[in-house]
Amino acid sequence: DFLRVLFDKFIKETNLTAIQNHLLEQGIYLIFETAKEGTKVDGVSLKVNEKPVGAMSLRLKNVDSFWFTLLHELSHIVLHFDELNEPIVDYFEESSDLDINKLEKQANKLAREIMIPNSIWRTIKTTRNLEDLASYSKLFEVHPSIIAGRLSFENNDWAVYSKLRAEYKINYEIIEKNKIPVYSLNSDLNNILTGIPCFYIQLPINNVIFKAIDLRNNVFEDK
């Protein structure tokens, strides 16, 4: 399963450019866009000219939130590709699975299974304290932030492990600081929802090639 390979390969060191290149080899375009203040879009999945595209707003900075968002959007691509003629837009809040549709529940289920397989979750869910969490993290080789995030969700208690989760964050500033050639949207990710027909992505191949996604004509074009 390429999702599990992706997760296992990059969870210890979440290298954004390497993740994009890895997915590009699978034929999947991954876009990162810095979240605008006040917006709550976390991820988008869609297809353009039958090409799968995932986008993340980088609003949530904890490692567990990053990986859940990424795997959730990729799960839509795996499970719901035929449904992606219209973008699926996701807003993740620290809440339960209530009031979400079938497609979202399916993507949530697959993402969680990739991060913590059900076979070991049966044990991990008995965690009572930080000592238990550290022990299970070592025993099952699961990142502590991933366990903390899952426990927080399942117990609907985001306070108890908030300090631990805050210790593990993705450094998004490195994108601008080091001018990493990652995919980026010309405009706010939220514009996808407001009828803006075109946005551009920067592809880290062949010394950075620019392409345009035209949502009106549903084609890729050279810029």
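Which helices and strand do the buried residues of H4 pack against? In this predicted model, the partners are helix H1 (2–10), helix H3 (63–79), strand S4 (88–90) and helix H7 (144–154). The residues of H4 that are buried are Glu104, Ala107, Asn108, Leu110, Ala111, Arg112, Ile114 and Met115.

Look next at the start of H4, where a side-chain oxygen of Asn101 comes to within 3.1 Å of the backbone nitrogen of Leu103.

From here, let us turn to the nonpolar interior. In soluble globular proteins, nonpolar side chains tend to be buried together. The largest nonpolar core in this model has 43 residues, and those with the most contacts inside it are Ile19, Phe66, Trp67, Leu70 and Ile116. At least two residues of this core come from each of H1, helix H2 (16–25), strand S1 (29–32), H3, H4, helix H5 (118–124), H6 and H7. H3 gives the largest share, eight residues. Another core, of ten residues, lies apart from this one, and among its members are Leu24, Ile31, Val48 and Ala55.

Once neighbours within four places in sequence are set aside, Ile116 is in contact with Trp121, Ile124, Val142, Ile146, Ile147 and Arg150.

Now for the sheet. Strands of a sheet pair through backbone hydrogen bonds, either parallel or antiparallel. Here four strands form an open sheet in the order S1-S3-S2-S4, with mixed pairing. S1 and S4 are at the edges and have a single partner strand each, so one side of each has no neighbour in the sheet. From one strand to the next, the twist averages 15 degrees.

Strand by strand, the pairing looks like this. S2 (residues 43–48) and S3 (residues 51–56) are antiparallel and share six bridges, with Val44 opposite Ala55 of S3. S1 and S3 run parallel and are joined by four bridges; in S3, Ala55 is the bridge partner of Ile31. Along S1, Tyr29 and Ile31 point one way while Leu30 and Phe32 point the other, and all are buried.

With a relative accessibility of 34%, Gly27 counts as partly exposed. Gly27 and Pro52 are 25 residues apart in sequence, while their C-alpha atoms are 7.3 Å apart in space.

Glu141 has a phi near 55 degrees, a positive value in a residue other than glycine. Glu141 sits in the loop between helix H6 (130–140) and H7. Is Glu141 buried or exposed? Its relative accessible area is 73%, so Glu141 is exposed. Asn156, also not a glycine, has a positive phi of about 50 degrees. The loop between H7 and helix H8 (162–166) is where Asn156 is found, and with a relative accessible area of 53%, Asn156 is exposed.

Technical notes:
Residues are numbered from 1 along each chain as its sequence is written. This is a predicted model: local features need pLDDT of at least 70, side-chain atom pairs count only at pLDDT 80 or more; totals for chains, interfaces and linings use all residues. Side-chain values use heavy atoms; hydrogens and water are left out. Buried means under 20% relative accessible area, exposed over 50%, partly exposed in between (1.4 Å probe, protein chains only). Contact means heavy atoms within 4.5 Å. A polar contact is a pair of N or O atoms within 3.5 Å; within protein, one must be able to donate a hydrogen and the other to accept it, and residues adjacent in sequence count only if both atoms are side-chain atoms. A nonpolar core is a set of buried Ala, Val, Leu, Ile, Met, Phe, Trp, Tyr and Cys residues joined through side-chain atoms within 4.5 Å. Two strands pair if DSSP finds at least two bridges between them. Axes are lines fitted to C-alpha atoms, for helices over the stretch in contact, and angles run from 0 to 180 degrees between N-to-C directions.
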